[in-house]
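Thanks for coming, everyone. I'll walk through one model today and keep it quick. Have a look at the screen first.

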Amino acid sequence: MPAVHKLLLEEALQDSPQTRSLLSVFEEDAGTLTDYTNQLLQSMQRVFGAQNEMSLATQQLSKQLLEYEKQNFALGKGDEEVIGTLQHFSKVLDELNSLHTLLANQMADRMVFPMIQFREKDLTEISTLKDIFGIASNEHDVSMAKYSRLPKRKENEKLKADVVAEVAYTRRKQHQASMQYYCALNALQYRKRVAMLEPMLGYMQAQVCFFRKGMDLVSKKMDSFLTSVSNMTQSIQAQLDSESDLMRLSQRDLLSVEDTVYMPDQDSANPPVNRTLIQKAGYLNIRNKTGLVTTAWDRLYFFTQGGNLMCQPRGAVAGGLVLDLDNSSVMAVECEDRRYCFQITSPTGKTSIILQAESKKEYEEWICALNNISRQIYLTDNPEAVAIRLNQTAIQAVTPVTSFEKRHESLQPERIKLGAAESPVVSTQKLPEAPPQPENLIAPGTPIQFDLMLPASEFMDQNRGGGGRRTNPFGETEEDSSSDSHDSLLQQVFAVRFLGSMAVRTGRSREVIYEAMRQVLAARAIHNIFRTSESHLMVTSSSLRLIDPQTQVTRISFQLQDVTQFAAHQENGRLMGFVVEGPGAGEDSEPTLSAFVFESNTEGEKICYTISLGKEITEAKKDPEALAQLMKSVPFTNDGKFLLLDTDPADAERSGARAQLESEA
């Protein structure tokens, strides 16, 4: 060990410049030691704080491992093997926590406390003695200055004695302070070595104790436990790697498709339209009103559930009911500048929604699926088979007659069964005991007309140069103007959409209208004929006229006396139809019968009531007394026409009087 420098106590009294120079070196060394001690103590306190935090963190980790069993995972609780393993880990952490706590206490006692004691005792003592030595040295200098100023000639013995005594006192005081200061500085050279080594010795002894107890804790039993946990994690990792490989292969296969798959309206590369769906799901745009005339479109996920249409916003937990599809009507609509729009209307006509599909295929499949669900075929034992057969029956209903000549007769009973049981709307009313068969109402293979066209004779009359009816650009004719004058008592206009017409065999049964409705709706669904144009149906006391709302041109007109039957659908009140009798092809041939099917914006019963009232007026015109009685029983409007009431107690009393003229609907 090298020699330790020290201050000589013998030189303290003389206080020579050499002694003062050496003293300044010792003081500089003490100042450096003080600064280093403060920094070292901060590092030791940081180590102690980290160890203390380690103890608290280990305790918190142990508690958190036990909370795993109490977690309510969305995909079910964790497996029992993981729970048991984590509980065992928690016990091990509790034991480790006790070791960490013991280590923290030993660091506080053997490392931090000795360093604090050295700083507060030794270094503080050096600083205090330095201040005392400085004060004593100053006092000695002052007394020596007084002694040096004593006069030479007139000496005052008493003053001289006082000054000499003061010098002696201050010199003695300085001598004592300097010797104490020198002794403390000399001792500091030894104490600083002990102060640096003792805390680190205590730190290392605490660590050795910690590791020894840790080795006792990590025994062979702990080794076996850690080995089993390692094997379990490796097994799980192997399963993850295998599943990751499968997902990567699946992802590669799914991404290897053509770009047309991502295009919303590339139906040419997709499979054909499935018209027998009884379930459907996908994103649609729904139109919502945001003001009196403004609308907004929202993209939601729609799906069918039984007979209900549900929707679910993205991120929602569950879906909500949008509309009950039973007995509802579905058809395409023209909607602003958007494509692939269709409308769903409830049986009462009070609720309707407009939806937009992404592509033509989705658009057609949604309409077909919703129409299938509205027929309630999902309640049958084998709904998919029923949907296929219903689809085939609808195709047969619009197939030319020649295609039916080769059909096997064994298929006829099945088709008859479908025609009677699977109508567009399932009726809950009790059917007659012996309902007429479809072949007796409508001949198999009868073509269906989906657009209104004038007969050839009427077309020639309108375009004949002379001798015929005069026409003008506004669609008015002489006959129309004359007939309007006779219909001053009744003139009611309804907004309707023409669905189709077909030849029928009888015009005296309401079943023929129901069968025509079934075949027309089925044929429109099979052949993707969903668009309809709105017209105005004018009912007068002499005729039925279908008028173009834009040009006010009469598209087609029927005499009221030629209407043999009219009825509204039993369940879907917006559907109505009537049968018109026309002249035969020859003079001796039987008259022809045609059924016309419409969808109205209001109740079909109201149109039937108006037609019935027109027939009553026609019959009452033959008898002035009957006409006067009728005019008394029915209220009038301000312009002198019959007033049609939606709900009037008098309707129930008048229903019996009109039973012979009005068709049952």
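Helices here are DSSP runs of H or I with at least four residues, strands are runs of E with at least two, and both are numbered from the N terminus. By that rule, Gly84 is in helix 2.

Two housekeeping points. This is a predicted model, so local features need pLDDT of at least 70, side-chain atom pairs count only at pLDDT 80 or more, and totals for chains, interfaces and linings use all residues. Residues are numbered from 1 along each chain as its sequence is written, and side-chain values use heavy atoms, with hydrogens and water left out.

One more term before we move. Buried means under 20% relative accessible area, exposed means over 50%, and partly exposed is in between, with a 1.4 Å probe and protein chains only.

Back to Gly84. Its relative accessibility is 34%, so Gly84 counts as partly exposed. Leu66 is 18 residues away from Gly84 along the chain, and their C-alpha atoms are separated by 9.6 Å.

Stay in helix 2, which runs over residues 80-148. Is Glu81 buried or exposed? Exposed, because its relative accessibility is 51%.

Glu81 also belongs to a negative surface patch, together with Glu69, Asp79 and Glu80. What makes a patch? Residues with over 30% relative accessible area and no salt bridge; like charges are joined within 9 Å, and nonpolar side chains (Val, Leu, Ile, Met, Phe, Trp, Tyr) within 5 Å. The areas come from the Shrake-Rupley method with a 1.4 Å probe, and for residues only the protein chains shown count as cover. For charges, Lys and Arg are positive, Asp and Glu negative, and His and the chain ends are not counted. Each charge is placed at NZ of Lys, CZ of Arg, CG of Asp or CD of Glu.

There is a nonpolar patch as well. Leu255, Val257, Val261 and Tyr262 make it, and its area is about 400 Å². Val261 is in the loop between helix 4 and strand 1, and that strand spans 281-289. With a relative accessible area of 53%, Val261 is therefore exposed.

Now the salt bridges. Side chains of opposite charge can pair when their charged atoms come close. The cut-off here is a side-chain nitrogen of Lys or Arg within 4 Å of a carboxyl oxygen of Asp or Glu. How many salt bridges does the structure hold? It holds 16.

Let me pick out a few.

Asp245 and Arg248 pair at 2.1 Å, N to O. They are three residues apart in helix 4 (residues 220-255), so about one helical turn separates them. Asp245 is partly exposed because its relative accessible area is 38%.

Arg119 and Glu120 pair at 3.1 Å, N to O. Arg119 has 26% relative accessibility, so it counts as partly exposed. Glu120 has 46%, so Glu120 is partly exposed too.

Arg555 and Asp548 pair at 3.4 Å, N to O. Arg555 is partly exposed because its relative accessible area is 25%. Asp548 comes in at 17%, so Asp548 counts as buried.

Then there is a network: salt bridges link Lys280, Lys361, Glu362 and Glu365.

Next, cysteines. How many disulfides does the structure hold? Zero, where a disulfide is a pair of cysteine sulfur atoms within 2.5 Å. Cys608 has 0% relative accessibility, so it counts as buried. Cys311 has a relative accessible area of 16%, so Cys311 is buried as well.

Over to helix 3, residues 157-217, where we find Leu159. At 43% relative accessibility, Leu159 is therefore partly exposed. Tyr147 is twelve residues from Leu159 in sequence and 9.7 Å away in space, C-alpha to C-alpha.

Gly214 is in helix 3 too. Its relative accessible area is 17%, so Gly214 is buried. His100 is 114 residues from Gly214 in sequence, yet 9.8 Å away in space, C-alpha to C-alpha.

Last stop, backbone angles. Asp15 has a phi near 55°, a positive value in a residue other than glycine. Asp15 is in the segment before helix 1 (17-66). Tyr340 is not a glycine either, and its phi is positive at about 55°. Tyr340 is in the loop between strand 5 (329-332) and strand 6 (341-345). Tyr340 is buried, because its relative accessible area is 17%.

That's it from me.
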